[in-house]
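Dear colleague,

Please find below the structure that I am handing over to you. My notes on its pocket and on its helix packing follow.

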Amino acid sequence: MIVAGRSGEGVRLVLEAEEAMLLSELADQVDSVLLLGSGEDPAIDRLLPNAYPDDVEAAGEFERYTRGSLVDGKRQAAQSVRDATDVSDGRDLVEIELDESEAWGWLTFLTDLRLILAERVGVTDDGGYAEDEERDDYLRAAYEWAGFVQGSMLEILDPMDA
């Protein structure tokens, strides 16, 4: 994968077909969690945390007015990733040009993906992994890879002055 800046503000991604397919599959999984996930799934709690943990009435009111639009925005971000990573034409490389707004949408998706994967692989508050549980190495690798992509995009979109 190559993540680079481009003239103007935005990001250019060059993905191998396998990477594009992986991102598309992960976007499907994020969408499924958002669409089918219940309050019993701790990943939903990470994606849509309780705004008022000490006030049940205020939390319910906040969720009633905001949850639908939050879920819609997250699902749209996942859909934009699926659309951009389509490899049905048999290409070996997928080149994606994102303007700044599109790139921030991708970052929304990558954040949501990493929140879900963090829950699934047992990422602890200090950034390590829970030792007491057997976790899927594939999901850990996907978590780390998504972090690399996210960090690379952020370096382009919001470079720190040296």
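**The pocket and its lining**

Both α2 (42-47) and α3 (56-84) supply at least two residues each of the lining of the largest pocket. Helices here are DSSP runs of H or I with at least four residues, numbered from the N terminus. The model is a predicted one, in which local features need pLDDT of at least 70 and side-chain atom pairs count only at pLDDT 80 or more, while totals for chains, interfaces and linings use all residues. Residues are numbered from 1 along each chain as its sequence is written, and side-chain values use heavy atoms, with hydrogens and water left out.

The largest pocket has a volume of about 240 Å³. Its lining has 15 residues, of which L48, P49, N50, E63 and R67 are the closest to the centre. A pocket is an open set of points on a 1 Å grid over the protein atoms alone, where a 1.4 Å probe fits, with protein on both sides within 12 Å along at least five of seven lines; lining residues have an atom within 4 Å of a point. The volume is the space filled by probe spheres set on the points, which are joined across faces, edges and corners. α3 gives the largest share of the lining, seven residues. By class, the lining has seven nonpolar, five polar and three charged residues (nonpolar: Ala, Val, Leu, Ile, Met, Phe, Trp, Tyr, Cys and Pro; charged: Asp, Glu, Lys and Arg; polar: the others, Gly among them).

**Helix packing**

The axes of α1 (residues 17-36) and α3 come within 8 Å and cross at roughly 160° (axes are lines fitted to C-alpha atoms over the stretch in contact, and angles run from 0 to 180 degrees between N-to-C directions). The two helices, α1 and α3, are therefore roughly antiparallel, the term for angles over 145 degrees, whereas 65 to 115 counts as roughly perpendicular. In this contact (heavy atoms within 4.5 Å), residues of α1 including L23, A27 and L34 meet residues of α3 including V71, A78 and V81.

α3 also packs against α4 (residues 100-121) at an angle of about 105°, with the axes 8 Å apart. That makes α3 roughly perpendicular to α4. The contact of α3 with α4 comprises six nonpolar, three polar and two charged residues.

Finally, the axes of α1 and α4 come within 10 Å and cross at roughly 75°, so α1 and α4 are roughly perpendicular. Their contact has 10 nonpolar, no polar and two charged residues.

With kind regards

Note on methods:
Parallel < 35°, antiparallel > 145°, perpendicular 65-115°, else oblique.
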